Amino acid sequence: MIFAVLIPLLVACFIPTLSKAKNKIHTGIFTFFVPFFIFLYFIRLVGKDFTPIRQTYNWIPSLGINLDFYLDGLSLLFVLLISGIGSLVVLYSIFYLDKKERLGHFYVYLLLFMTAMFGVVLSDNVFVLYTFWELTSISSFLLIGYWHFKERSRYGALKSMLITIFGGLSMFGGFILLSVITGSTSIQEMISQTDVILSSNYLPLILALILLGAFTKSAQFPFHIWLPDAMEAPTPVSAYLHSATMVKAGIFLIARFSPIFSGYEGFFITVSLVGIVTLCWGSYMAVRQTDLKAILAFSTISQLGMIMAMLGFGTPAAVFAAVFHILNHATFKGSLFMIAGIIDHETGTRDIRKLGGLFTLLPISATLAIFGTFSMAGVPFPFLNGFYSKELFFEATLDLESASLLAELIPYLAILGSIFTFVYSMYFFFGVFTGPKKLNQLPKKPHEAPVGMLLSPIILVLGVILIGLFPNMVNAPFIQHAAEAVNSNAEYHKIGFWHGWDFTPLHMSLIVVALGIVLFLTRKKWSGVYKVLPGKLSFNRVYDGLVNKLDTYSAGITNSYMTGSLKLYMSLILATMIIVTTGFMLLTDGFTISSNNLADITIIEVSIVIIMVAAAIATIFTKHNMAALLILGVVGYGVALLFVIYRAPDIALTQFVVETITVALFILCFYHLPKLRKTDDSSGSKTLNAVLAIGFGAMMTLIGISAYSTNWFDSISDYFLKTSYKLGGGDNVVNVILVDMRGLDTLFEIAVLGIAALAIFSLIKLKKNKEAE
Amino acid sequence: MEIIILILSGILFATAIYNLLQKQLLRIVIGTALLSHGAHLFILTMGKLKTGQPPILTEGVSDYTDPLPQALILTSIVISFGVTSLLLVLAYRTTQENKTDNMEQLRGKANE
C-alpha cells in the first residue's frame, strides 16, 4: 500500500527532467500511468469477500508515529476514486493544457496532491493523516495559484489556504486530545476505545475541533467561501480537487470517525444541521451564479452538504446512501467540470449569459451534459445514478432515530435544497445548450472538442449510466464494504428503481421535479429575492473584512507601542519589571525584615550617605555641565569613602582612580557637548518618570532588605580566606580571587576594556563622510 | 547600617532611572554612572558590612570581611568604567554627526 503513497511522489521527482522533452511529448502522458496503475492495482481487491488490510512501516516509533496504513471498504472507495478520476483528469489535462504552459510545475503539484490524498485516505495513524492532510492543502494552494500572474488566482489560493489550514490546525488539536485520552495514535485502536472517548469530559471540544477540520476542508457552511474562489484554478484541477477528491477529504474524515462519535447526540445535531444548511444555501446560491464553474462550485458545496447531512444522520440507511452518493457525485460532477472546461476551451468564455444554443455546435458535449445535469438534479430516470442516491437520501431523512425538532424539519429542508438543485441543474444545461445562439458575443467560433478531451467525460458519463442501470453491480462488492466501515450495522441494501406509488421518497422526488420546473421557468420573476437574501449578507465580505481588520489592527497595535521612542521602551521595560517583581513579592508574601546581623550606625557614615543622597538628587535638577560633573564626582568619591569605611581597600583605590578618570573624561566631552538643559517634558510625563524612578528604587531597596534578612546559607568565602595563602600564594585575598581563583573573569574584563578602547578609537577616528570626500 | 546603605542605593537607582528617562543624551550617561554606583553599593551590602578586618591576611586576625563581593565589585567597576566612557564618546559623536542631543529626534532616516 505504501507504494500508492510513494509512487506519485517518486515520479514527481522525475517530472522536471521528463518535462524537458516538452516539445516532443506532453508531460501528462508520463504522468497518466501513475494513477492508472494504482487504479489497476486496487481494482482487483474489489469483491464480495474483501477483508481489511493493514500495513505498518516505522517512521518515529519512539513517539508512536508510524506509517500505519489501513485499507478497508471506505479507504478502497476513496483510493479508487482518487486513482480512477485522477487518471481521467490527467488524460483530460493532456488535451486541455497547452504545451506552452509550465507543465512540469502542473504535474509535480498534481502528483504531490495525489500522494497526499492517498496518504489521507490510507493512514491509520492520526498524525500521519494530519501530515498528508496539510500536504493536500499546500498542493491545492499551489494548483489554485497555478496561473500566478492573475490576481484572482492568488486571492483564491490564499483564501483556500487560510481557511483549510485553519481547519487543519484545529483538527490537529482534536487529534492530540484523542491520542492523549486513548493513549494511542491509531484510528482503529481509537474506535475500539469508543467508550473511553464518549465518557471523556473533552468530548465536545474534540468533536468541535475535528469537525472544524472536516467542515473547512469540505467547504461546509459558512466555510464554503473558498471553493468558488478556487475555481480560478485550471479546469482539470477544479474537476479533480474541487469536486471529486480533496473536498471529500472532510467527508472521509467524518465517515472515518463516525464509529466513534455517532452515538453522541451532539454529532448528529452539528453534522446534520451544518450539512443540510450547506445543501440549501449552496443550491440556492448556485442558481444566482453566471459563471459555469461558479455554478458547479456551489453545486459541489450543496452536494457535499447533502453527503455530510447523511453521515450526520448516522443510520445504516443514511450511511449507505452517503457512501453511494460519494461515488455518484464524483462521476457526474467530474464530467460536468470537464464539460464546462470544454465549453470554456471551445468558446472562450464561461459566462452563461453569453452562451446559448450550443447543442447543435457541440452535440457530444451536450449529450454528456444532459446525463450529468439530470443525474445531478435527481430526475427519476432509471439510468441516472443521481436519482438513486437522491431517493435514498429522502428515505434516510424520513426515518431518523432522533426525536428532536431538527429531525422533524430535515425532510422539508431536504426537499427545499433539492428543488434548487433541480433548478440550477436545468439552468446549467438549458442555459448553455438551448435558446438563441449568441455567436457574435463569443471570443471564439465554437466547434466540437477533440476526441481526447471528450474521452474522460465520456467514461465518467458511462459510469453514471452504468451505475444508473445496474446500481446493485457496484453495490454488493464495493459500496457495501464502505458502508460497513462507517457503520457496522449497515447491512446489504438492495437498490431498486421502483417501490410502488405509495413510496414517500418518490412523492418527494415528484414534488421536487414539479416545483423545480415551475421555479426554473419563472426564474427571472423571482430572481429579485437575491437582493434580499443574501443581499448584503455575504460571507466573503466577512472574510475580507476579517483579513483586512486583522491587518489593520495588528499594524495599529504594533505602531502604538513601537513608536521608535527609546524612552517609551525604557518605561515599558521598567513598568513590567516593577509590576512583575512587586506583584510576585506581594503574592508570595516575600518581604521580610530582620534586625539580626546589622552593623552599627555611625555618624560619619550617615553624614556621607546624606551628602550622597543630596548629590544624587541634585543631578536631576542641575542645569550646568560643571555642576553636574561636580555632583557626579561627589557621588563617586562618596562611594569610594564608603568602600574605605567598609574595609575594602582595593575597590576603594580603584574607585578613586576610576572616578578621577571618569571626571576627566566628562570634562573632555563636556567641552563639545551641548549644555544641559532644563527638561521640556510635560508635567504628566515628569510625574510618570518620577513614579517609575521611585518605584524602581523602592523595589530594589525592598528586594535588598528582604534578601539580606533571609540568610539561607553561609558564605563560601571561608574557603577563599583559608586557601588564599596556601594555594594562591598571596595575602591579599581579593587579588588572589581576581587573578587566581576567578582569573577568567579578569581575563574577559580586560577584554571588555580593550574592546571599549578600540571602539572609542574607531568612533573618533573613522568618519564615513570624510572618507567619501 | 545595611538598611541605610540599601536605601541609599535605592535612591541612587531612582535618580539614575529618572535621568535615564530624560531626552538629553548627557543625562542618560549620568544616569548610567549613577546606576553602576548603586549596583556596587548593593553588592557590597549583600556581603555584610564591617564584620571584620580588610581581607588581607595578617598574623593573629581571624575575622575578615567577605572578599568575594569585593572581587566582584572590582570587576564591575572596571567594566562600567569601560561602558561609561564608550557611552560618553558615543554621545559626543552622535551629537556631532546629527547636530542634536535630543533622543526623541534620533529616529534614524526614513529610508533605513
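Colleague: How many Å apart do the end C-alpha atoms of residues 689-765 of chain A lie?
Modeller: That span is 84% helix and 0% strand. Helices (H or I, at least four residues) and strands (E, at least two) are DSSP runs, numbered from the N terminus. The end C-alpha atoms lie apart by 37 Å.

Colleague: What kind of model is this?
Modeller: Residues are numbered from 1 along each chain as its sequence is written, chains are lettered from A and ligands numbered from 1 in the order written, and side-chain values use heavy atoms, leaving out hydrogens and water. Local features need pLDDT of at least 70, side-chain atom pairs count only at pLDDT 80 or more, and totals for chains, interfaces and linings use all residues, since this is a predicted model.

Colleague: Which UniProt annotation covers residues 689-765 of chain A?
Modeller: The entry is unreviewed. UniProt positions follow the numbering used here, feature names are shortened, and annotations may be inferred rather than shown by experiment. For this span the record gives "domain: MrpA C-terminal/MbhE".

Colleague: How many Å separate the centres of domain 3 and domain 4 of chain A?
Modeller: Domain bounds come from an automatic or database domain assignment. Chain A has domain 1 (1-262), domain 2 (266-562), domain 3 (565-676 + 684-709) and domain 4 (717-772). Taken over C-alpha atoms, the centres of domains 3 and 4 are separated by 24 Å.

Colleague: Are α2(A) and α4(A) roughly parallel or roughly antiparallel?
Modeller: Axes are lines fitted to C-alpha atoms, for helices over the stretch in contact, and angles run from 0 to 180 degrees between N-to-C directions. Helix α2 (residues 27-43) and helix α4 (residues 103-122) of chain A pack at about 10°, with axes 10 Å apart. Under 35 degrees counts as roughly parallel, over 145 as roughly antiparallel, 65 to 115 as roughly perpendicular and the rest as oblique. So α2(A) and α4(A) are roughly parallel.

Colleague: Which residues of α4(A) meet α2(A)?
Modeller: On the α2(A) side are T27(A), G28(A), T31(A), V34(A), P35(A) and I38(A). Contact means heavy atoms within 4.5 Å. Across from them in α4(A) are L103(A), Y107(A), L111(A), M114(A) and F118(A).

Colleague: How do α28(A) and α2(B) run relative to each other, roughly parallel or roughly antiparallel?
Modeller: Helix α28 (residues 649-670) of chain A packs against helix α2 (residues 25-46) of chain B at about 175°, with axes 13 Å apart. That angle makes the pair roughly antiparallel.

Colleague: Which residues of α2(B) make the contact with α28(A)?
Modeller: From α28(A) come I651(A), Q655(A), E659(A), F666(A) and F670(A). Their partners in α2(B) are L26(B), V29(B), I30(B), H37(B), H40(B) and L44(B).

Colleague: Is H329(A) buried or exposed?
Modeller: H329(A) lies in helix α15 (residues 316-347) of chain A. Buried means under 20% relative accessible area, exposed over 50%, partly exposed in between (1.4 Å probe, protein chains only). With a relative accessible area of 0%, H329(A) is buried.

Colleague: Which residues does S418(A) contact, leaving aside its neighbours within four places in sequence?
Modeller: S418(A) is in helix α18 (residues 405-433) of chain A. S418(A) counts as buried because its relative accessibility is 0%. Leaving those neighbours aside, its contacts are K390(A), F394(A) and V512(A).

Colleague: What is the relative accessibility of P382(A)?
Modeller: P382(A) sits in the loop between α16 (363-377) and α17 (385-398) of chain A. P382(A) counts as partly exposed because its relative accessibility is 34%.
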